[in-house]
Amino acid sequence: MADNGDDDPQYTIKEGDHVVLKRGDIFKAIQVLPKKKVIFEKQWFFLDNAVGQLYSSTFEIVSGNLQPKKPKDTEGSSDAKEAGTDNRHIVDDGKSQKLTRDDIETLKEQGLKGQEIIQQLIDNSSTFRDKTEYAQDKYIKKKKKKYENTVKILKPSCRILAMMYHGREPGKICHLRYDALAQMLTLANIHAGSKVLVFETCAGLVLGSVMERMGGYGSVIQMYPGGGPGRAGMESFGLPAHFHDMLHDFPICHVNALLAGTLDTTAKDQSAVEKQSNMAADEEQNQPEVKQQVSPEEKSMETNTGDDAALDQETKERDQRREAKAEEKKVKLEEKRKKLAAVASLLEGRNADGLIIASRFHPCPVLMGLLKFLSPSRPFVVHSQYKEPLIECYTKLREQGGTVNLRLTDTWLRHYQVLPNRTHPLLLMSGGGGYLLSGTTVATDRAKPGGSQRSEEPAPKRQKLTDTEG
């Protein structure tokens, strides 16, 4: 089993792969490129030697190159046995360490590795053997973080990238924590072969998580605001090429027109092409006129007779470039029009299997518009950093109808240290990962309930009258 896993290319690092570097609790997503200098935690190195190694391998940084770290037994195990009973007599006056900063720098210049420097610090510490066993482990762990030049290369996943963004730049993902993201994928019933609508402004993290969960089967329609979709986080997943075939995008500004049946994907693009070509022609026509006005003033200084021929050649080349640019714009707009028409045909069926919303915009109008594209008995999930927008969505959905099992939840997450005789919750924890509003759509027919109420209400009254007459 191990041999088969080692030979499988999906477990080995290759050139062009997207990987995640890890040191302690710090993550960084990067692409493996030959002879590319990488800076991570104030250290620079190249990833060339990592190619061909297994994922989750640990490497040592030696003069800018990565070397696989060999597993070793802890050298401080023998010293750890000589431990004190308590730390009451230890005074932190800064005089217990005999090595100075200059001595440590000279050890680094001599080529000593991190573990060797840590052993030197332990040998030259006058209070290390008086500390308790737990204090010694804590001391060694602290020094490893500072002096060990190691880095771990991981394969990108939904959890790892969510932890990376939440730890470094939580504002980019609307403070979406990885446990809340996992609940969103579960509540929205994301699975292979489904059609999912995604509206997010989380740098593509939610979109990449949905695509990873679907495994390349089904279709994902990304609703995006502005000029184009943001997919920086999705690219960090390093998904295979065939995964992108199921991804479609649709501008959120065209949703109302699509629902009303007034979306036109031909006239606007053609008029835009004509306008751009006309503007380019006007600009190119105005430029030679300026040159013709300036050239008579400079004729006294320039006596070159070949200026007219050069100007003609320049105008011809300029015209050719202008025509080429106009043709490229036409081709791009035509491709964009075809994609828009194809996605519109997918949405017109209104048979989507799930909806996920996680954005910095107010979710209420977006949710009310996109719910109409879902089939009955389909789940939807909305994430927001604040609960007030979701409360407004909750009340509007209750008034409008068409949804059941509405739930507004807030998750609480706390990490625990699990060690012998030292199990306790960590002092620092995340304040919150946002709020989730989830529910299920149902089919509504407003004509039948109204008519049934009108026909059924007088019936009991007639029955009472007949009883009194009898």
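Me: What makes the meeting of the E334 and R337 side chains a salt bridge?

Reply: The N to O distance between the side chains of E334 and R337 is 2.6 Å, and a salt bridge is defined as a side-chain nitrogen of Lys or Arg within 4 Å of a carboxyl oxygen of Asp or Glu, so the pair qualifies. This is a predicted model, in which local features need pLDDT of at least 70 and side-chain atom pairs count only at pLDDT 80 or more, while totals for chains, interfaces and linings use all residues. Residues are numbered from 1 along each chain as its sequence is written, and side-chain values use heavy atoms, with hydrogens and water left out.

Me: Where do E334 and R337 lie?

Reply: Both belong to helix α12 (residues 307-348), where they are three residues apart, about one turn of the helix; helices (H or I, at least four residues) and strands (E, at least two) are DSSP runs, numbered from the N terminus. An α-helix has 3.6 residues a turn, so residues three or four places apart point the same way.

Me: Why is R337 called buried, and why is E334 called partly exposed?

Reply: Buried means under 20% relative accessible area, exposed over 50%, and partly exposed in between, with a 1.4 Å probe and protein chains only. R337 has a relative accessible area of 17% and therefore counts as buried, whereas E334, at 33%, is therefore partly exposed.

Me: What makes R231 and D249 a salt bridge that links distant parts of the chain?

Reply: Their side chains meet at 3.1 Å, N to O, and R231 lies in the loop between β9 (219-224) and α9 (232-235), while D249 is in strand β10 (residues 247-251), 18 residues apart. R231 has a relative accessible area of 22%, so R231 is partly exposed, and D249, at 25%, is therefore partly exposed too.

Me: Why is α13 described as largely enclosed by the rest of the structure?

Reply: Seven of the eight residues of α13 are buried, so the helix is largely enclosed; the buried residues are P363, C364, V366, L367, M368, G369 and L370.

Me: How are the axes of α13 and α14 placed relative to each other?

Reply: The axes of α13 (residues 363-370) and α14 (residues 387-400) come within 9 Å and cross at roughly 35°, where axes are lines fitted to C-alpha atoms, for helices over the stretch in contact, and angles run from 0 to 180 degrees between N-to-C directions. On the α13 side, the contact (heavy atoms within 4.5 Å) is made by P363, C364, L367 and M368.
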